[in-house]
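Thanks for coming, everyone. Please take a look at the sequence and the model, and then we'll walk through some aromatic rings and a hairpin.

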Amino acid sequence: MEMPCVAKRMIERTEQPVVWKNGAPQKADPRPGKEGFRKTIAYRILRAHNSGSPEDLKIRFDALISHDITYVGIIQTAVASGLKTFPMPYVLTNCHNSLCAVGGTINADDHRFGLSAAQKFGGIFVPANLAVCHQYAREQLAGSGGMVLGSDSHTRYGPLGTMGIGEGGPELVKQLLGGTYDIKRPEVVLVYLTGKPARGVGPHDVALALCGNVYEDGFVKNRVLEFAGPGIANLSMDFRFGVDVMTTESACLTSVWATDRTAEAYYEDHHRADAYRPLAPEEGAIYDRMIHIDLSRIEPMIALPFHPSEACTIREFMENPGDILRACEKRALDIFGPQLPLRLTDKVRDGKLLADQGIIAGCSGGMYENLSEAAAILRSRGLSCGPFALSVYPSSLPVSLSLMNSGDAKTLLEAGAVLKPCFCGPCFGAGDVPSNGALSLRHTTRNFPNREGSIPKEGQISAVALMDARSIAATAAMGGVLTPATSLDYEAPRQEAPGFDARPYAHRVYSGWGHAQPDAKLVYGPNIRPWPEIPAMPEDLVLELASVIHDPVTTTDELIPSGETSSFRSNPLRLAEFALSRRDPDYVRRAKDIRARGLASCIFAECPGDGSAREQAASCQRVLGGAANICRKFATKRYRSNCINWGMLPLVLSPEIPFNGKPGDRIEIPGVRRALQSGTDTLQGTISGKPVTFSIGPLTQEERQILLDGCLMNYYANREAGRG
């Protein structure tokens, strides 16, 4: 059966332009002038950072941020391309692999490398377990009217008036070397908020309802979401952050919110009052589309495996759990095949769903308000001694201090919850991995297949459903029986944390911005390896298919698994051994065989690249000899950019062109260099001898040269040597 979706009924959409008048949206002229589009918050911020034309933007960001899965590769690439000093504040956090045990000293060696890079080039280094990257950015980096580029897809700081964009590492390399982020002017979608959430409804409920409404048909894909309306005043900053960080799962480009006294108070509390400025739509602002969310209509939500958009209300789920879970099992069958069945219906007993685990963590779940309200729900109730376990991960040490000062940490511990370090692990499969066959309820950002740590080729499978911290706590209080927080009587705590304490950062964060030490040495570990030599684009390209995937969407987690495999992130060849390992275990062997025969490999996927911004999803294919991705469409702009920046052609087949390819099929594109140089948007080639036209979409002149040179690193090296 089809997944029921009250989310589609709780949110209203308008596909026509609307105009902002007297503090509310109204129907716009069918042919609105350009002047109105320039009055949005988003356009004004983009314009302030743009050195290109109004339609072809060339953006320089105010600051950069990376975590320990990505920063080593970024810095290695930038150093190989001529980096001398960080030209803007660059924060290096250590929140992803700080607890991984794979590979001996690998993780600590990378952290030591990061500190040495911050010292040498003038960066900001946040040691392991002090903060998850996005919480640190909220507390210490973002500023109203600013822009931050991060090498993590959930780079979102909209409620502070900051446009955060998550991209692959090569885009950060461009910024470090004086380049720009080049995009067409994005459309702007007004997210008009009214009403007030009911007690027991949290930010994840709003976010999942939004994702369930807009993701499948791409309503906001590659667009900017601009939040405004009277409902904002009814939301705390933590609530706003919790909704905002999940906009990544809607496939939008970025987001920004109108700011108000609540946002100003947040800056003041964090000793950064000068970073605030009021932002609001100007009278007459024109939006390309609109989403209206009446917060009072939002109910507790659950997003079933295997995507945040598979959302329905907990009420609706509880009315029909068997049929809904059978739909999940059917999706699992389509993904994994009959040899690895997922039996979620076994967890329904007497009409109730019994989950195995609860996790509240990371940039979406681990904020003070979520954990404080979870404590209020568990106060005097506690967990049972049954199989259901609850772990909570505060998003920063200042948040942990607030929980201690308020007494909420004591309440959580007394209830039997396990309080863990500031760590992103549960969100990407490196912490609290559930048992085989388990169902984990998580207030984290994603629930993609295998992201929580299961390995299909080893016979392991488990599943994650996303829920808000409040309903996870309610479920924990009921011994693991799925329970919406709105059904329990509890006294909601005050929303604001009891004061921000920056002393952990003052004592431990290395703040080297503006104080580069050029004579300092980078400290390498034995697993930190340089990129292998990447070849330039040949005159004629001959490819062989190494993998064919017909899933509706292929996530970056499937292209290169997250979790403990990422311990090898600083060793390109070792990490590449895991490419597609949880989706097509024979891919690496085939790619190596193709390379040994002197050919380039490629993959076909219907819609690749949903999810993480990790460049390794593309670079691992490249170091194995990959030279192209063939698809019907790319799931995200950032994955397409990763392919281009690693010298892999983004080949798109129109739906009218039949494709029944299989591994071993030969693709030829004669005269590919000449075609790229000519400025064409299409390439003529053959698949198994049959003529075909590939679209490569709009490419900037720089992107064409990157493809010709073989990758971004070669592009900068050639430019430095005067060969560009």
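**Rings and a hairpin**

Let's start with a cluster. Phe-86, Tyr-90 and Phe-121 make up one aromatic cluster. Keep in mind that this model is predicted.

How many aromatic pairs does the structure hold? There are 17. Take Phe-113 and Tyr-524. Their ring centres sit 5.4 Å apart and their planes meet at 55°, so this pair is tilted. The two residues come from distant parts of the chain, 411 residues apart. Phe-113 belongs to helix H5, and Tyr-524 to the loop between strands S25 and S26. Is Phe-113 buried or exposed? Buried, at 0% relative accessibility. Tyr-524 is partly exposed, at 39%.

Next pair: Phe-568 and Phe-578. This one is stacked, with 5.7 Å from centre to centre and 15° between the planes. Phe-568 is in the loop between helices H20 and H21, while Phe-578 is in the loop between H21 and H22, so the pair ties together parts 10 residues apart in sequence. Phe-568 is buried, at 7% relative accessible area. Phe-578 counts as partly exposed, at 25%.

Now charges over rings. Arg-185 lies over the face of Phe-37, 5.4 Å from the ring centre. Arg-289 lies over the face of Phe-219, at 4.6 Å.

Last, the hairpin. Strands S2 and S3 pair antiparallel over four bridges. Trp-20 has Pro-25 in S3 as its bridge partner. Two residues separate the strands, and Asn-22 takes a positive phi near 55°. S2 also runs antiparallel to strand S14, joined by two bridges. There, Val-19 stands opposite Ile-286.

Methods:
Residues numbered from 1 in each chain as written. Predicted model: local features only at pLDDT ≥ 70, side-chain atom pairs only at ≥ 80, totals over all residues. Heavy atoms only, no water. Pairing = 2+ DSSP bridges. Phe/Tyr/Trp six-rings, centres within 6.5 Å; stacked < 30°, edge-to-face > 60°. Buried < 20%, exposed > 50% of the residue type's maximum accessible area, 1.4 Å probe, protein only. Lys NZ or Arg CZ within 6 Å of the ring centre and 35° of its normal.
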